[in-house]
Amino acid sequence: MTSTENNNNGSDETQTTKLHFEDADESMFDGDDNNADVADDITSADYYFDSYSHFGIHEEMLKDVVRTKSYQDVIYKNKFLIKDKIVLDVGAGTGILSLFCAKAGAAHVYAVECSQMADTAKEIVKSNGFSDVITVLKGKIEEIELPIPKVDVIISEWMGYFLLYENMLDTVLYARNKWLVDGGIVLPDKASLYVTAIEDAHYKDDKVEFWDDVYGFDMSCIKRRAITEPLVDTVDGNQIVTDSKLLKTMDISKMAAGDASFTAPFKLVAQRNDHIHALVAYFDVSFTMCHKKMGFSTGPKSRATHWKQTVLYLEDVLTICEGETITGSMTIAQNKKNPRDVDIKLSYSLNGQHCNISRTHFYKMR
Ligand code: SAH
């Protein structure tokens, strides 16, 4: 999934295609219901509260080939997981994962989608001839009724920026607890969060130090806020100064909702002499039930995805020598007021030749 928020610094805004009236077929505007679009009644107010109703966000996700092709490969190359099974697609969007499953021979797929896109998914399912196999249900997983007591497979693309932003994982766990048959499978079933450290003088200047002098005025009060908001952006592999460490692996088939809040220690070893401006977090997901383990990574050394990476700027610049270590811990928790936001506490220390520093920073993904 991708962000429903408008304010994710550094992330590309969804591009929408403009329809030029002079190019449009007149029949699109006449009252003939054959051409009436199910989305015709949606206004910008609806999009503001529910951007998943707009096709643009789905276009971005579908065009993320790393993401979509991984799910397709998992399903098509491991048909034994899906064939003759009852599947629940949690947050179906356009219905793409349901269509993959139907094509792989699922006995039936329940595609649950809470946004207006559910109506479009119904249309897509119908026009592709899968209405007998796929039932699209419009509503929240937490509120809908399924016409059957249990499902064999739960599939979902629930991952947010920094893995946990938007907190759709809770929805998948809710569905698993309520409907997954004993011995059923969850796709994907593993998600891991990693951390590494980067040199990023140029961009830190642009995003953080910028506020010190804006056309001759001191706006550094915004700087303090800017530094507490992790930045979703693409990190170049060459910027990486240390090794990467695993913070946490979550087993979606077994974990409890509370397990998504945790504290994890880390120890990063510098691979060269450099200056460190930020820590970077990224995740991978895997489908361990496949014949061969499959999955994808959103790390800076892998092919780019729409999740990019998440950059947490440090107040200080760390002058680090090859072989020196940054030790620390990261605490990740759902924000109490808004469970879709993520609170991050980062403690770190470097006891090096040129730098002796120990600090704690707080960040908020919102
Ligand atoms: N499965 C699609 C869409 C993934 S994006 C694809 O892979 O392309 C996640 C989708 O989940 C969004 O369309 C969002 O509207 C939907 N969603 C989020 N929370 C939900 C909930 N609680 N119940 C039902 N749908 C939900």
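## Exercises on strands, cysteines and a ligand

Thr 263 stands opposite Thr 331 in S13. The model is predicted: local features need pLDDT of at least 70, side-chain atom pairs count only at pLDDT 80 or more, and totals for chains, interfaces and linings use all residues. Residues are numbered from 1 along each chain as its sequence is written, and side-chain values use heavy atoms, with hydrogens and water left out.

**Exercise 1.** Determine the order of the four strands in the open sheet, and state which strands form its edges.

*Solution.* 
Step 1. Helices (H or I, at least four residues) and strands (E, at least two) are DSSP runs, numbered from the N terminus. Two strands pair if DSSP finds at least two bridges between them.
Step 2. Strand S9 and strand S13 (residues 325-334) are antiparallel and share eight bridges. Phe 266 has Gly 328 in S13 as its bridge partner.
Step 3. S13 is joined to strand S14 (residues 342-351) by nine bridges, again antiparallel. Here Met 330 stands opposite Leu 346 in S14.
Step 4. The order of the sheet is S9-S13-S14-S15, with antiparallel pairing. S9 (262-269) and S15 (356-365) are the edge strands, each pairing on one side only.
Step 5. On average, neighbouring strands of this sheet are turned by 15° against each other, direction ignored. The angle is taken between axes, which are lines fitted to C-alpha atoms (for helices over the stretch in contact); angles run from 0 to 180 degrees between N-to-C directions.

**Exercise 2.** How many disulfides does the structure hold?

*Solution.* 
Step 1. A disulfide is a pair of cysteine sulfur atoms within 2.5 Å.
Step 2. The structure holds zero disulfides. For Cys 355, the nearest cysteine sulfur is that of Cys 321, 9.3 Å away.
Step 3. Cys 355 counts as buried because its relative accessibility is 8%; buried means under 20% relative accessible area, exposed over 50%, and partly exposed in between (1.4 Å probe, protein chains only). Cys 101 is also buried, at 0%.

**Exercise 3.** Is Phe 162 buried or exposed?

*Solution.* 
Step 1. Phe 162 lies in the loop between strand S4 (151-156) and helix H6 (169-179).
Step 2. Its relative accessible area is 2%, so Phe 162 is buried.

**Exercise 4.** Which residues are closest to the ligand, and which polar atoms lie beside its nitrogen atoms?

*Solution.* 
Step 1. The ligand is surrounded by 20 residues, of which Arg 67, Gly 91, Glu 113, Ile 141 and Glu 142 are the closest. A residue is near a molecule or strand if one of its heavy atoms lies within 4 Å of it.
Step 2. A polar contact is a pair of N or O atoms within 3.5 Å; within protein, one must be able to donate a hydrogen and the other to accept it, and residues adjacent in sequence count only if both atoms are side-chain atoms.
Step 3. A polar side-chain atom of Glu 142 is 2.9 Å from a ligand nitrogen atom. A polar backbone atom of Cys 114 is 3.3 Å from a ligand nitrogen atom, and a backbone N or O atom of Ala 92 is 3.4 Å from a ligand nitrogen atom.
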